[in-house]
Amino acid sequence: MSATYLRQATNRDLPEIRKIITDAKAFLKKQGIDQWQDGYPTDEDLETDVKFGITYVLIIDGKIAATAALHQGLDVSYLQIHDGEWLNGVHGRYTAIHRIAMSSDFRGQHLSEKMITGLITISSVLGYKDVRIDTHPDNKGMQHVITTNGFTKRGTIYMEEKDHEASPRYAYQLIIE
């Protein structure tokens with residue numbers, strides 16, 4: 001039996017987190033999904049997330065299987081939503097799951113659910129009742145993971161990208177008790 005849990009990432013985890021993100025970028029590219037193909041997230045983004053204590057890693061048998069950032073508070077990308085609305089409005093108090101990625105060593109084992117469930121639990125422990133997440137319109141796999149974890153599509157947001165036109169992302173929300 002293996003131990004499976006989430007914990008906050010440390011600087012020591014950064015090499016493995018970078019590898020997971022790099023592999024995820026290649027995986028998206030192989031599927032023809034134009035997400036994370038312009039350099040984002042950068043090493044600096046990942047380092048900043050760890051520095052501010054918002055990166056979490058899923059541990060399976062002592063190995064990092066997945067990573068994600070759990071942003072707390074207002075997310076500027078979520079201030080404008082199109083073709084829908086947030087249940088608590090744009091200024092609601094929420095966490096936002098970003099930069100979620102599974103290690104290629106663990107892909108296909110349905111562990112994304114454990115990662116998301118853990119992040120929802122952490123959100124609750126931190127006192128949040130509203131959890132939000134977004135993904136690229138072509139990322140059908142992540143859309144499936146999101147909706148099977150209880151999130152409801154709320155509309156479309158646009159991510160500002162360096163030197164590129166803002167790109168659409170489907171936005172989802174989960175209200176917990």
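Predicted model: local features only at pLDDT ≥ 70, side-chain atom pairs only at ≥ 80, totals over all residues.
Residues are numbered from 1 along each chain as its sequence is written, and side-chain values use heavy atoms, with hydrogens and water left out.

Helices (H or I, at least four residues) and strands (E, at least two) are DSSP runs, numbered from the N terminus. In helix H4, the residues Met 142, Gln 143, Val 145 and Ile 146 are buried, a term that stands for under 20% relative accessible area, while exposed stands for over 50% and partly exposed for values in between (1.4 Å probe, protein chains only). Just after H4, Gly 150 takes a positive phi of about 95°.

The buried residues of H1 are Leu 14, Ile 17, Ile 20, Ile 21, Ala 24, Lys 25 and Leu 28, and because they fall within an arc of 140° when seen down the helix axis, they line one face of H1. The face turned away from this buried side carries the exposed residues Pro 15, Lys 29 and Lys 30. The buried residues of H1 pack against helix H2 (43-51) and against the strands E2 (55-60), E3 (63-72) and E4 (95-102), where contact means heavy atoms within 4.5 Å. Just after H1, Gly 32 takes a positive phi of about 80°.

The interior was also described through its nonpolar cores, each of which is a set of buried Ala, Val, Leu, Ile, Met, Phe, Trp, Tyr and Cys residues joined through side-chain atoms within 4.5 Å. The largest nonpolar core has 27 residues, and those with the most contacts inside it are Leu 58, Ile 97, Met 115, Leu 119 and Phe 151. At least two residues of this core are supplied by each of E2, E3, E4, H3 (112-125), E5 (130-135), H4 (140-148) and E7 (164-175), and the largest share, five residues, comes from H3. When its neighbours within four places in sequence are left aside, Leu 119 is in contact with Leu 6, Tyr 56, Ala 68, Leu 70 and Ile 97. A second, separate core of 15 residues includes Ala 9, Ile 20, Ala 24 and Leu 28.

Asp 49, placed in helix H2, is buried, with a relative accessible area of 7%. Not counting residues up to four places away in sequence, Asp 49 touches Ile 54, Thr 55, Ala 69 and Arg 99. Arg 99 lies in strand E4 and, at 16% relative accessibility, counts as buried.

Most residues other than glycine have a negative phi, and most peptide bonds are trans. Arg 99, however, has a positive phi near 50°, and Asp 83 likewise has a positive phi, near 55°. Asp 83 lies in the loop between E3 and E4 and is exposed, with a relative accessible area of 76%. The peptide bond from Tyr 40 to Pro 41 is cis, with omega near -10°, and Pro 41 is placed in the loop between H1 and H2.

Definitions and conventions: Arc of directions from axis to C-beta.
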